[in-house]
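Please walk me through this model. Start with the charged pairs, then move to the contact between the chains and the surface.

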Amino acid sequence: MQVLKNKKYAILLLLPALILVGIFIYYPLFATFYYSFFDWRDFSNYKTFVGLDNYVQMIQDYAVRKALINTLIMMVCVIVFQVGIALILALIVDSIKSGYKFFRTVFFFPVVISGTAIGLMFYLAYAYDYGLLNAIITAFGGQKKVWVTENSALTMVLIPVIWQYVGFYFVIFLAALSKVPHDIYESALIDGITGIKKAVYITIPLIWDVIAVCISLAIVGTFKVFDIVYVITGGGPMDASQVLGTYLYKVAFTGQNQGYASAIGVLIIILGIILSTISNKLTERETITY
Amino acid sequence: MKSLKKVLAFVVLVAFIVSIVGMLGNTGVDAKTTEKVKIRAVTYFTGADPWTNTWKEAIKDFMAKNPNVEIVDEATPAANDAIRTKIKTDFASGNEPDVTFFFVGADAEPLLKSGKVFIWDDELKKDTKWSSNIYKSALAFTTYNGPIKEYKGKVYAIPTIGFYEGLYVNVDLFNKYNLPLPTDWNKFIKAVNTFKAKGIIPIAGSILESYYLIETFILSAGGPEGHNTPFHPSWEKGLNIIKDLYKMGAFPKDALTLQDAQAQALFADKKAAMMINGSWCVGGLKDKVNTKIMPVPVVPGGKAHPTDIIGGFGSGWYVSKDLNAKKNGWPVKFVKYITSPEVEAKFIAVGGVPAIKCKVPNVTPVAQSGYDMMAKANSVSMPIDAQILPEAFTKIRTDLAYVVTGKKTAKQLLAEAKKIQDRVKK
């Protein structure tokens, strides 16, 4: 009876959160799926059922293909560089005796700045006539350079995207590393295992479940990339840095075609679910308890 | 003692009544309408434009004159189409503001479809003291000519600040290099080549935000008839002219990613000799004396008259039909105040072209050249984005980069945009 009473309270306490999630996450999610079958423009009350037309258009749309490829490239880069650099930095900082708090603050700092501010900062740094990078080059007697071109655009937006969230994963890894018992390292030291060997054979396997979560978060996070790309390049030039988020925005708000934008939204949701499931399967290991 | 108290109470009561009556007399408010009225007004005067201070002063003055009315200023940025989303969703969901300053043309249609927009015709006829000041040519821009029967031939918004698009010229740079002003195509091309050779950007134009390049060069190529006929063959010629200029190096090196605000800065800082842009840039110019605005020259074989320009009245004051009735006509009264010659003069002193007869003090030489261009215009055409679907125009604008770099032909791009347009028509 007491247990049931406790559960009642648990359900009661969970209910507000459930209602909020339902209204702000699940309802829009299903509504997006529903709207994707309509020709719906100008946010008006008038919608025409068009079946799979928006999906057919999506298959034929070059910008969607380009955005999809760019999003996948971004995902790989984010896993390798964002999560990778964060792990390396965490391992290094964890091994030092002093300055731990300083490095933690410095590396985490970009996370607290808004994406739009970072985007603007990099846009101004890359600018040809008033840009910081060209100002530095010309100060040293060099020639000004066009930094954002069709070939370089994706790299130029990847730099701030990766830079911003390294600190986020770094802090998670640092917390995980602090929980690894010291006696394991002491035993390893007696066996002569130090440095990189210690990281590869002991530390990484011990925090693997945290790494797997970070990889999943990075994958899902890639589908949410929007503000930085939008401010720096707007997805251009010639869709060179287009990602699914920026293209959805362009179709929905500049193009005022909400039906087609909903179909792109559905693609983002489905891809996010599929890829994070695959990543969970691939990173699945037996949990080590210590 | 008791009688003294009574006398005092009587004096206080009389004083109170007199002060109330006096207050009403001073403000001119009808004693019957002392009930507080809240009017939600949505504009794009957010501070990102030059008119924000004038707007804020105007609502302050109106509230001072009418203490029973409170204007709730819900300014929303025009950037990134935020105001488009807000207004369209507000009207579709029954949350429309009492007063809305919003775009006209293609953007007005979803609002009119909702049936919630006040029709001004009766008020214009009734109050001639106010309406006789509004130019009929300006009202033509906010008169609906489309399939919605209720609004057919009716005025759905009151125009106020007009605009023009043209060629901005840094006259001092032209004088420095002994160049004649670009009044025809040969002089224009000569200027482009000379400035490029001297290390000055010939035209501060953005391919990423190429609205004004597209509109003005299509008008130059096809004349008003070609420009105002969606997907007229002359559109291809107009886009190819932009491509030719890009290949000549007429635009900034980073024109493919440059935003319009930075392009304007290049012109204002004299790093660029010319700029194709609209009247909203006048306020941001540093040199208002050595800058001149003129029509974009007619391209070789172009059908335009040398003084044909893009311009008109792209925004107007909308009122909610139901809310105006519910609030004793205060939303209409407020718009009539905002569109009075006195307030109009304050707005136009900052920038833009008046839709209402008014005396504007201290007009700068550059603004005067803009007014002259508008006054002498053989024809004034509304921009292309007011004529075709936003999605189709966005395609032309954002994919112009493919055309100027030779990755796609103008013909291909226009065919793709037309496909988008036709998809809706079916």
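Lys408(B) counts as buried because its relative accessibility is 13%; buried means under 20% relative accessible area, exposed over 50%, and partly exposed in between (1.4 Å probe, protein chains only). Lys408(B) forms a salt bridge with Glu416(B), with the closest N and O atoms 2.9 Å apart. A salt bridge here is a side-chain nitrogen of Lys or Arg within 4 Å of a carboxyl oxygen of Asp or Glu. Glu416(B) is partly exposed, at a relative accessible area of 30%.

This is a predicted model, in which local features need pLDDT of at least 70, side-chain atom pairs count only at pLDDT 80 or more, and totals for chains, interfaces and linings use all residues. Residues are numbered from 1 along each chain as its sequence is written, chains are lettered from A and ligands numbered from 1 in the order in which they are written, and side-chain values use heavy atoms, leaving out hydrogens and water.

Over all chains, the count comes to 28 salt bridges. Which residue does the side chain of Asp172(B) meet in a salt bridge? The partner is Lys270(B), at 3.0 Å, N to O. This pair links distant parts of the chain, 98 residues apart. Asp172(B) sits in helix H8 (residues 171-176) of chain B, while Lys270(B) is in the loop between helix H12 (260-268) and strand S7 (272-278). Helices (H or I, at least four residues) and strands (E, at least two) are DSSP runs, numbered from the N terminus. Both ends are partly exposed: Asp172(B) has a relative accessible area of 27%, and Lys270(B) has 23%.

Lys270(B) also forms a salt bridge with Asp287(B), where the closest N and O atoms are 3.0 Å apart. Asp287(B) lies in the loop between S7 and strand S8 (291-294) of chain B, 17 residues from Lys270(B). Asp287(B) counts as buried, at 18% relative accessibility.

Now the interface. Contact means heavy atoms within 4.5 Å. It takes 33 residues from chain A and 36 residues from chain B. The area buried between the two chains is about 3100 Å², and carbon and sulfur atoms give 51% of it. Buried area is the accessible area (1.4 Å probe) that two parts lose on being put together, summed over both. In chain A, Tyr123(A), Tyr130(A) and Met238(A) lose the most area to chain B, together 20% of what that side buries.

Charges meet here too. Three salt bridges are found across the interface of chain A and chain B. The side chains of Arg41(A) and Glu391(B) meet in a salt bridge at 2.7 Å, N to O. A network of salt bridges links Asp42(A), Asp81(B), Arg84(B), Lys88(B) and Asp107(B).

Next, chain A itself. It has 13 helices and two strands. Buried residues make up 44% of its 290 residues. The C-alpha atoms of chain A fill a box of roughly 80 × 70 × 30 Å, taken along the principal axes.

Last, the surface. Phe30(A) lies in helix H1 (residues 2-35) of chain A. At 57% relative accessibility, Phe30(A) counts as exposed. Phe30(A) belongs to a nonpolar surface patch whose members include Ile11(A), Leu15(A) and Tyr26(A), with about 1200 Å² of accessible area for the whole patch. Patches are made of residues with over 30% relative accessible area and no salt bridge; like charges are joined within 9 Å, nonpolar side chains (Val, Leu, Ile, Met, Phe, Trp, Tyr) within 5 Å. Accessible areas come from the Shrake-Rupley method with a 1.4 Å probe; for residues, only the protein chains shown count as cover.
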